[in-house]
Amino acid sequence: MSHELTIEPLGRTIEVEEGQTILDASLRAGIYLPHACGQGYCATCKVTITDGEVDHGSASNFALMDYEREEGKTLACCATLEADTVIEADIEIDEDARDIPVRDFHGTVSRIENLTPTIKGIWLRLNNGEVLDFQAGQYINLNLPGDIGARAFSLANPPSTGNEIELNIRIVPGGRGTGWIHESLKVGDKLSLSGPYGRFFTHKSAGLPSLFMAGGSGLSSPRSMVLELLEEASTLPITLVYGARNQAELYYHQEFLDLAAKHPNFTYVPALSDEPTDSGWSGFRGFVHEAAKAHFDNDFRGNKAYLCGPPVMIEACISALMQGRLFERDIYTEKFFSAADAQQVRSPLFKRV
Amino acid sequence: MDMKVAKKLGLKERYTMMTRDLAWDTTYQPMDKVFPQVTYEGIKIHDWDKWEDPFRLTMDAYWKYQAEKERKLYAILDAFNQNNGHLSVTDARYINVLKLFLGSTPPLELMAGRGFSMVGRQMVGAGPRVACMMQAVDEYRHCQTQIHSISNYNKFYSGLSEFAHQQSRMWYLADGKSFFDDAITAGPFEFMVAIGFAFEYVLTNILFVPFISGAAYNGDMAAMTVGFSAQSDEARHMTLGLECIKFMLEQDPDNLPIVQRWIDKWTWRGTRKLASVGMMMDYMLPKRIMSFKEAWEIYFEENGGALFKDLARYGVTVPKCFPQTIEEKEHITHQSWIGFYMKPDAMSFHTWSPSPEELDWLSEKYPNTFDKYYRPVYEHWAKMEKAGKRFNNKTQPMNCQVCVTTVKYNEPGDPMTTCFRESIYKGEKYHFCSDHCKEIFEHEPEKYIQTFITSHQVLQGKCEPEGVDTDAPDFKPGSHMMEYWRLDPDVQGDFNGSLDQKNFAAWRELATKN
């Protein structure tokens, strides 16, 4: 039987399965709890239980002393829930997180457009004038028919148009979900979805310039975030470095050129990695991180950077940013922690990126 | 009456109030006079507030937690001692692991404690200062608990009582001593890389294999419990070292080449130090856990590799010695045990020939090298032993000027040739075990020419017990080594036929039969 776990000071509540540890459930829900050994020896993941009941599992008697057990301490990497439980953990409160509750929605496909040869734009109007309240950068789970199940897609529209949501979906070769969307979905079809999900959003409270680095269909979240900032008439510098293979795969190009012409604080840097040499493309040729490095002259200090795209691109961008003096505290990616992080396949050098 | 109810503080606020908030900037004296050592290594720090405390533990919580750990540990040690726990270990050979451990490790824990006390004093930020202070206390505690856990064995077995005296005199304890002497005489940031990073992060897991798992596998509850009680501090130590590396790299791009050089240097120095640890895993534990090679692959190549992959984001490259350590993992433990076996009169622990089953285990674990290079040596020595001529090398070893291990490892790419390197400085010739040690020397020769190497200094009459007249006409250097070392005669010679072997067998007989 699963139980609910509330994590303070975030105030977020998540579901924990029977036999699942607090740490595992938290990481899967995108909540980073400090941890190291993952097997109850080191005490890095010690948390306080303020309500409820846990089983301490195989926590070492030295890492979790008897008096600490009596005081309501436990090790998140070993503890499983015996009842609905509230813990207090050593985590940062993110003042930009709105923690919008997840809800279910029903909608009708109102428009389908071919944005590129491999990416379709899908618009869904929500029933009864309902509005999906979300933070630009977040995603939804779209329920697909039959036994295909749910698929996660980032929202490409700004939150101001929450009644008609937009998804930009690339066809994954051999993928059932995206295959169905590309081949069978048509205007007028009805779909249900849940959201908003995710901890990827704009950190406006910092009051710093924003740098968005996007690759391929990873443009959705940055587009939503850029559009929202411009709608809010932010005067801080906003830069979008957007990479695609070639001109055919570059979408919303004209829209960003127009926005850049209209808003002096918005800069648009498109980069093509595989464009024929004789095509007449006068923009940057190369990868996103190379374009950003050239544009910023290898000095990213003073920015907040938001990264969205394939893992190889994210990794290259993180290295480029760090070698250009922008570090973990100012870098945000859409990637979230998985159970694999608890298994220590990575070093503990970085927490989020 | 209005009463304001104070909001309960979050962990972070509580930590801040109890650490950073207690610090202040000095006014009677400028800060750079109060913290004079943080600049001379060339490390540039612009904003100490950017230090992120990796482990938020307040002093009050720390004391309570550590005190409770002590109570629990000593209850277990008492029970172990009262029940003659020493007779429950797998084999009396195991006790030699403790002899080597006692000489090599608690004194280094003490040096680590001293080092962190000194470095903590030099750190401008309150976060690192508090973390260094806690680590210093941990290290003093580890030193003390290790000595206490082994002291019970001292009532029954030879070779344990003079570990403190021998630490700075015994030729084979000099590598560890030199590691910490080098670190503690460096600046505060280099110390953090040497101990906090290279030792505590990159290498500590390999150290724990023989000492916690090894103890557990071989029935030594006392040592195992000490290990567990120390391991609950290790995560804090590791994260301190990592945070320090990140902090330096993020504060100024000019710090990168300095940090890189330290990473190269200390990874290599740590690797050399681990050869004797690996030897315990492969040769000294009667019941083995895994081979050194396997441990090296998991903890250094995989985990260390993952770390260096992450550090590459800062522009840090894999330590220069990385390929050489991979080649050496198939050789160094065998070369070490061969080196120790041949000196039965000059050590405070026993050695022995591996049994036929143990030779087979080594062949299985080291398919590329053992049968080809090392088995023939042991089989030859076994024959000599059988003929009543156990091999005994009475000559003095030559030690490396930097790592102070005896020069005994092979030339890279050529397992049949010993690697020697030398360098001339101010007209004197200095010797090294490897290119890496030579390079470390040449970067700071004035530091390393001061290394006190007993096996060299003895020839100048500098290793004599008190009362020996080195100016006497008939003075012969090195003729009083047993007194100089305070070496127990019972611990000399092969394990087979030793007093430990006889006593253990007799006492176990008494304990298990009528």
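**First stop: a loop in chain B**

Select Phe156(B), which sits in the loop between helix H6 (126–154) and helix H7 (163–167) of chain B. Before you zoom in: this is a predicted model, where local features need pLDDT of at least 70, side-chain atom pairs count only at pLDDT 80 or more, and totals for chains, interfaces and linings use all residues. Residues are numbered from 1 along each chain as its sequence is written, while chains are lettered from A and ligands numbered from 1 in the order in which they are written. Helices (H or I, at least four residues) and strands (E, at least two) are DSSP runs, numbered from the N terminus.

(Buried takes 20 or more other C-beta atoms within 10 Å of the residue's own, exposed means 12 or fewer, and partly exposed is in between; C-beta atoms are placed from the backbone.) Leaving out residues up to four places away in sequence, Phe156(B) touches His86(B) and Asn503(B). Contact here means C-beta atoms, placed from the backbone, within 7 Å.

**Next: the core**

Color the nonpolar residues. A nonpolar core is a set of buried Ala, Val, Leu, Ile, Met, Phe, Trp, Tyr and Cys residues joined through C-beta atoms within 7 Å. The largest one has 219 residues, and those touching the most other members are Leu75(A), Met213(A), Val241(A), Ala305(A), Cys317(A), Val193(B) and Phe197(B). Helix H9 (residues 188–217) of chain B gives the most to this core, with 19 residues. Click on Val193(B): setting aside neighbours within four places in sequence, its contacts are Ala198(B), Ile245(B), Val259(B), Trp262(B), Ile263(B) and Trp266(B). A second, separate core of five residues includes Leu362(B), Tyr366(B), Phe370(B) and Tyr378(B).

**Where the chains meet**

Show both chains: 27 residues of chain B are in contact with 27 residues of chain A. On the chain B side, helix H1 (11–18), helix H3 (59–82), helix H10 (221–251) and helix H12 (292–311) each supply at least two residues. H10(B) gives the most, with ten residues.

**Over to chain A**

Domain bounds, which come from an automatic or database domain assignment, divide chain A into domain 1 (3–88), domain 2 (103–197) and domain 3 (204–342).

Select strand S15 (residues 238–244) of chain A, where seven of seven residues are buried. Ile238(A), Leu240(A), Tyr242(A) and Ala244(A) cover one side, with Thr239(A), Val241(A) and Gly243(A) on the other. Strands count as paired if DSSP finds at least two bridges between them. S15(A) pairs in the parallel sense with strand S14 (residues 210–215) of chain A over six bridges, and Phe212(A) stands opposite Leu240(A). S15(A) also runs parallel to strand S16 (residues 266–272) of chain A, over seven bridges; there, look for Thr239(A) opposite Thr267(A).

**Last stop: an open sheet**

Five strands of chain A form an open, mixed sheet in the order S2-S1-S7-S3-S5. Strands S2 (12–16) and S5 (73–75) of chain A are at the edges with a single partner strand each, so one side of each has no neighbour in the sheet. Finish on strand S1 (residues 3–8) of chain A, joined to antiparallel S2(A) by five bridges, with Ile7(A) partnering Arg12(A).

How values were computed. Two residues are in contact if their C-beta atoms, placed from the backbone, lie within 7 Å.
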